Amino acid sequence: MTKAITARAHTNIALIKYWGKLDADLIIPQNSSLSLTLAPFYTDTTVQFSPELTHDQIKIDGQLLSTAAGQRVHTFLDLVRQRAGLTAFAQVDSTNHVPTAAGLASSASGFAALAAAASKAADLELSLPELSRLARRGSGSATRSIYGGFVEWQKGHDDLDSQAVPFQEKIDFDIQMIAILLDPRPKKVASRAGMAQVVATSPYYAAWPPTAEQDLIAMKAAILKKDLNLIGQLAEANAMKMHATTLSANPPFTYFEPETLTAIELVQNLRNNGVSCYYTMDAGPNVKVICSAKETPAILAQLQQHFPADHLLVAKPGPGVTYI
Ligand code: PMV
């Protein structure tokens with residue numbers, strides 16, 4: 001039996017989105033992306049390989065997954081076993097401090113924590129870039145969760161160069177997010193299926209990779225200037241360009257719910273009243289507000305008139321992966 005290793009990884013929200021794959025098996029993206037790792041949302045995962053097990057035992061939030069539900073984790077563990085020359089099955093125990101599949105990217109923290117715990121339990125001793133590349137094989141967004149702060153996932157060309165690099169790990173200006181939880185249910189169209197459908201059918205998709213690459217350059221300059229308004233404007237526009245590709249897919253779909261539009265309108269109203277706040281959304285209906293800590297109380301006061309206070313989660317920038 002190997003040692004039981006526990007790793008913690010935080011989720012991240014992309015300011016410039018990853019949307020579409022060049023290689024679905026290796027998870028090589030069509031465009032580079034950039035995210036902010038968040039402190040309060042994380043996953044703790046313990047992995048132990050044991051020759052006594054007859055199959056992988058995967059528990060998420062105390063629930064044992066069926067073989068079908070655990071397939072992605074199982075496939076990921078096969079990759080680790082193959083690299084380490086191990087044959088033993090593993091016991092995986094994962095706890096999400098993130099509303100699972102609610103558009104808060106639990107797959108990012110989930111696969112980053114799994115990559116860190118499983119590789120160490122298998123004695124692989126990976127560097128952070130290697131860990132980022134391994135996490136990528138579980139879920140694209142997990143590539144970035146290896147690092148804290150602002151993180152860039154450089155798309156690269158193949159398994160060896162598609163990896164995250166820290167862009168700014170220690171953030172010395174006032175920026176945070178408020179996640180508005182509108183719908184805690186698992187998303188209707190998983191990001192994996194959604195982006196594949198868009199790439200295959202949307203006539204607008206061809207415009208996405210080049211525009212996202214331009215946005216990324218502008219976003220890096222805005223971060224270096226510590227310009228919250230510019231960061232927010234770029235993130236908002238980039239997110240909406242991504243969401244426009246779902247409406248133009250065949251069949252069309254959207255991650256928006258009626259409440260999503262309410263949240264967006266509230267953010268726009270606040271901005272019209274002089275408060276600096278911007279919205280972004282991933283493959284789910286929840287809205288994340290990009291703002292400063294200084295203006296958060298004013299924003300919360302407005303949002304609380306429409307949403308329950310416990311659905312408004314304030315998130316400061318968070319750290320990279322750690323062992324606990
Ligand atoms: O890697 P996935 O399957 O979690 O896809 C992430 C896709 C978006 O959240 C919409 C964008 C992103 O860059 O995180």
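## Salt bridges across the chain: worked exercises

Asp-172 and Lys-226 form a salt bridge through their side chains, with N and O 3.1 Å apart; the term means a side-chain nitrogen of Lys or Arg within 4 Å of a carboxyl oxygen of Asp or Glu. The model is predicted, so local features need pLDDT of at least 70, side-chain atom pairs count only at pLDDT 80 or more, and totals for chains, interfaces and linings use all residues. Residues are numbered from 1 along each chain as its sequence is written, and side-chain values use heavy atoms, leaving out hydrogens and water.

**Exercise 1.** Work out how exposed Asp-172 and Lys-226 are.

*Solution.* Start with the scale: buried is under 20% relative accessible area, exposed is over 50%, and partly exposed lies in between (1.4 Å probe, protein chains only). Asp-172 has 55% relative accessibility, so Asp-172 counts as exposed. Lys-226, at 41%, counts as partly exposed.

**Exercise 2.** Locate the partners in the salt bridge of Glu-152 and Lys-220, then classify Glu-152 and Lys-220 by accessibility.

*Solution.* First, the closest N and O atoms of this pair are 2.9 Å apart. Next, Glu-152 sits in strand E8 and Lys-220 in helix H5 (residues 208-224), so the pair links distant parts of the chain, 68 residues apart; helices (H or I, at least four residues) and strands (E, at least two) are DSSP runs, numbered from the N terminus. Finally, Glu-152 is buried at 7% relative accessibility, while Lys-220 is partly exposed at 22%.

**Exercise 3.** Which residues are linked with Asp-159 in a network of salt bridges?

*Solution.* The network links Asp-159 with Arg-83, Arg-136 and Arg-137. Within it, Asp-159 and Arg-137 meet at 3.8 Å, N to O.
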